[in-house]
Amino acid sequence: MAGLRVDFGVLLEPLGFIKVLEWIFSIFAFATCGGFQGETTLLVSCKGVVNRTVTAAFAYPFRLNTVVFSAPNPKRCGGTWTDVYLVGNFSSSAQFFVTLAVLVFLYCIAALVVYIGYKHVYQQNSKFPLTDLTITVITAFLWLVSTFAWGKALADIKISTGASIIPGIESCKAPGTTCHFASVTRMGALNVSVVFGLLNMVLWGGNIWFVYKDTNLHNQSSRISQSPGTYPTQRRV
């Protein structure tokens with residue numbers, strides 16, 4: 001292929017090495033969030049039922065308001081059990097986070113192809129480093145926004161699937177019906193996704209400097225700082 005000059009040595013340089021880390025961390029970010037599946041379990045006692053398990057299964061993108069608990073029995077506690085839904089729709093924050101991670105994953109692949117095979121073209125055309133710098137700055141900011149938005153959504157998801165949901169279930173208030181919170185799937189993977197979001201934010205923020213060094217903006221500032229200064233001549237009295 002014309003212009004192709006493969007050089008894997010660039011991966012040992014800060015620009016290439018950090019890009020590999022960004023690529024890997026983006027995979028962990030969208031995998032730990034987008035691949036999550038869990039369920040909330042209650043123990044219900046009502047007419048003809050004693051400590052029957054009812055569950056509500058939820059997963060990415062966490063539209064909890066569409067998730068309904070299973071009925072305690074076919075007779076639905078003698079007609080007193082109505083459909084019980086979880087509360088909250090956190091799909092916007094979750095999808096923002098995962099979509100950003102996927103786009104970053106794809107961009108890192110494209111950037112690594114350029115770094116490894118077309119670094120000479122990258123260095124000769126000033127538009128490529130400037131474009132890379134612009135994308136790096138924007139991506140660092142988006143990681144900041146998406147991670148904090150997803151972290152807040154995760155905190156709300158834990159509340160909406162935890163023991164605090166019992167007082168809000170009308171079916172559990174029916175005469176002769178009692179509900180007890182049993183369990184909810186551990187959300188360690190989701191906690192890890194937030195951690196990787198923060199790591200990605202730090203990586204992309206720190207990489208701004210290394211990308212900036214390849215731009216003509218840095219070269220111009222270097223030449224200005226290295227040029228000899230001029231000083232006004234003092235007149236003799």
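## Secondary structure and basis of the model

Helices (H or I, at least four residues) and strands (E, at least two) are DSSP runs, numbered from the N terminus. By this definition, the protein contains seven helices and three strands. Along the sequence, these elements follow the pattern α-β-β-α-α-α-α-β-α-α.

This is a predicted model, in which local features need pLDDT of at least 70 and side-chain atom pairs count only at pLDDT 80 or more, while totals for chains, interfaces and linings use all residues. Residues are numbered from 1 along each chain as its sequence is written, and side-chain values use heavy atoms, with hydrogens and water left out.

## Overall form

Taken along the principal axes, the box filled by the C-alpha atoms is roughly 105 × 65 × 20 Å.

Contact means heavy atoms within 4.5 Å. Among the contacts in the protein with a separation of 6 or more, 73% are between residues 24 or more positions apart.

## Surface and charge

A residue is buried under 20% relative accessible area, exposed over 50%, and partly exposed in between (1.4 Å probe, protein chains only). Of the 237 residues of the protein, 38% count as buried. The protein exposes about 13,300 Å², and carbon and sulfur atoms supply 64% of this area. Accessible areas come from the Shrake-Rupley method with a 1.4 Å probe; for residues, only the protein chains shown count as cover.

The protein has 17 positive and 9 negative charges, and their mean positions are 5 Å apart. Lys and Arg count as positive and Asp and Glu as negative, whereas His and the chain ends are not counted. The place of a charge is taken as NZ of Lys, CZ of Arg, CG of Asp or CD of Glu.

## Aromatic pairs

A pair of aromatic rings is described by the distance of the centres and the angle of the planes. Rings of Phe, Tyr and Trp (its six-membered ring) pair if their centres lie within 6.5 Å; planes under 30 degrees apart count as stacked, over 60 as edge-to-face and the rest as tilted. The structure holds 13 aromatic pairs. In one of them, the ring centres of Phe30 and Phe105 are 6.0 Å apart and the planes stand at 80°, so the pair is edge-to-face. Phe30 belongs to helix α1 (residues 14-34) and Phe105 to helix α3 (residues 91-117), so the pair ties together parts that are 75 residues apart in sequence. Phe30 has a relative accessibility of 22% and therefore counts as partly exposed.

For Phe36 and Phe58, the ring centres are 6.2 Å apart and the planes are at 40°, so this pair is tilted. Both Phe36 and Phe58 are buried. One aromatic cluster is formed by Phe36, Phe58, Tyr60, Phe62, Phe97, Trp143 and Trp150.

## Buried positions in the helices

Ala29 is found in helix α1 and is buried, with a relative accessible area of 0%. Leu100 is 71 residues from Ala29 in sequence, while their C-alpha atoms are 9.5 Å apart in space. Not counting residues up to four places away in sequence, Ala29 touches Phe97, Ala101, Trp143, Ser193, Phe196 and Asn200.

Trp143 is found in helix α5 (residues 127-160) and counts as buried at 0% relative accessibility. The C-alpha atoms of Trp143 and Gly197 are separated by 6.4 Å, although these residues are 54 apart along the chain. Leaving aside neighbours within four places in sequence, the contacts of Trp143 include Ala29, Leu100, Val104 and Trp204.

His120, in helix α4 (residues 119-124), is also buried, with a relative accessible area of 14%. Not counting residues up to four places away in sequence, His120 touches Gly3 and Arg5.

## Backbone features

Most residues other than glycine have a negative phi, and most peptide bonds are trans. Tyr60 and Pro61, however, are joined by a cis peptide bond with omega of about 10°. Phe62 has a positive phi, near 65°; this residue lies in the loop between β2 and α2 and counts as buried at 0% relative accessibility.

Arg76 likewise has a positive phi, of about 55°, although it is not a glycine. Arg76 has its place in helix α2 and is partly exposed, with a relative accessible area of 30%.
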